[in-house]
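Please look through the structure below with the following paragraphs at hand.

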Amino acid sequence: MEVALMTMKFRAHDTFFIRKGWLSKGMERVVAKDDLFVDKNENPMDVLGIGSNMVKALRYWLQAVGLTKEATKGKRVQNLTPLGHEIFANDKFIEELGTLYLLQYQLAKQEEEATAWYYFFNVFSMSEFTREEFVQGLQNYILMSEDASTVAIRSLNDDFACIINTYLPRYKSNPGKVSPENNIDCPFGELGLVDIANKKQKTYKKTIPAAKSFNPWVIYAVIMDQADGRDEVSLNELLTKPKNIGKVFNFDAITMLDVLHEVENAGLIKIIRTAGLDVIHLNKQMTFDDCVKKYYETIDEEV
């Protein structure tokens, strides 16, 4: 396996996983003041009410989950992405599971900005694992890339700890110390993508979320984003190709088919399993952003 030449980024979160309320507050402050993170006259620590290392982490996370984009030249202001605008307008406090799944997709496909996350979901194939196994695998992945830069083992260990803290609620990892109401948890813990396999042996496992927890428009958004203009995609590609629904949401074949049947019932795809074909036909050619808009329109209708 050869990894294309690219920039890899590790430990950009400064060990801080996303806290509840961070992304909402970050979006709100960026909308009010696009130079929030670079203004020399006003301290972002005062504006956001968090410490300097947390400010750096929040600046990173807003971009890593696809809510904001930062200018690469000139003054490094931040602006909401089209996804950021939709979420800010429709689910500012990130209370919908569909919003979290959209952000999970954005994060898991960040090959350059969040390399450990990309590797964990798209490349790392162990369903049960220890920290050492993950870090060894990630080291090998880095070595096999054309870039092949040396990364401190501490950074990879910190990324692993941050991944676990992102997806595993702390009341599970430290039940005696943390109450379920404690807001230090990351909202991504609601997705059910990682759990403890064996606490004594310190092994973890990837877990499969419930098919019924997915809105068809969220799934269609990811499929369309990866289809790249095609109107047919194989089931195998959906399940096994990096950045597609199978990988970013930990699906097995059965769960993926259950989810796709719901997307078919919504009239968005046709599953074709005849004449030796195992494909889906995409009934509506839409952009990712169009699908996101439709998702928020449909949940508004349900209220």
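A residue is called buried when its relative accessible area is under 20%, exposed when the value is over 50%, and partly exposed in between, using a 1.4 Å probe and protein chains only. By that rule Thr 240, with a relative accessible area of 37%, is partly exposed. Thr 240 belongs to helix H11, residues 235-240; helices (H or I, at least four residues) and strands (E, at least two) are DSSP runs, numbered from the N terminus. Between Thr 240 and Asn 122 there are 118 residues in sequence, while their C-alpha atoms are 8.3 Å apart in space.

This is a predicted model, in which local features need pLDDT of at least 70 and side-chain atom pairs count only at pLDDT 80 or more, whereas totals for chains, interfaces and linings use all residues. Residues are numbered from 1 along each chain as its sequence is written, and side-chain values use heavy atoms, with hydrogens and water left out. The pLDDT is the predictor's confidence in each residue, from 0 to 100. Its average over the protein is 92, and 92% of the residues score at least 70. Over residues 1-5 the pLDDT is below 50, and this stretch has twelve contacts in the model beyond near neighbours in sequence; a contact means heavy atoms within 4.5 Å.

The buried residues are Thr 115, Ala 116, Trp 117, Tyr 118, Tyr 119, Phe 120, Phe 121 and Asn 122. Trp 117 is also one of the contacts of Thr 166, together with Phe 17, Cys 186, Phe 188 and Gly 189, when neighbours within four places in sequence are left aside. Thr 166 is found in helix H8, residues 153-167, and counts as buried because its relative accessible area is 2%.

How are the rings arranged? A pair of aromatic rings is described by the distance of the centres and the angle of the planes. Rings of Phe, Tyr and Trp (its six-membered ring) pair if their centres lie within 6.5 Å; planes under 30 degrees apart count as stacked, over 60 as edge-to-face and the rest as tilted. A search of the whole structure finds 25 such pairs. One of them joins Phe 120 and Phe 121, edge-to-face, with 4.9 Å from centre to centre and 85° between the planes. Phe 120 and Phe 121 are both buried. They belong to one aromatic cluster that also includes Tyr 119, Phe 124, Phe 129, Phe 134, Tyr 141, Phe 160, Tyr 167, Phe 188 and Tyr 204.

Charges are placed over some rings, the rule being that NZ of Lys or CZ of Arg is within 6 Å of the ring centre and within 35 degrees of the ring normal. The charged end of Lys 206 sits over the ring of Phe 120, 4.8 Å from its centre. For Phe 17, the charged end over the ring is that of Arg 19, at 4.0 Å from the ring centre.

Next come the spaces. On a 1 Å grid over the protein atoms alone, a cavity is a set of points where a 1.4 Å probe fits but cannot get out, and a pocket is an open set with protein on both sides within 12 Å along at least five of seven lines; lining residues have an atom within 4 Å of a point. Grid points are joined across faces, edges and corners, and a volume is the space filled by probe spheres set on the points. The count comes to one cavity of 30 Å³ or more. The largest pocket has a volume of about 630 Å³. Its lining has 24 residues, of which Gln 63, Ala 64, Thr 68, Gln 110 and Glu 113 lie nearest the centre. Helix H3 (52-64) supplies the largest share of that lining, five residues.

Most residues other than glycine have a negative phi. Arg 11 has a positive phi, near 55°, and Asp 14, also not a glycine, has a positive phi of about 60°.
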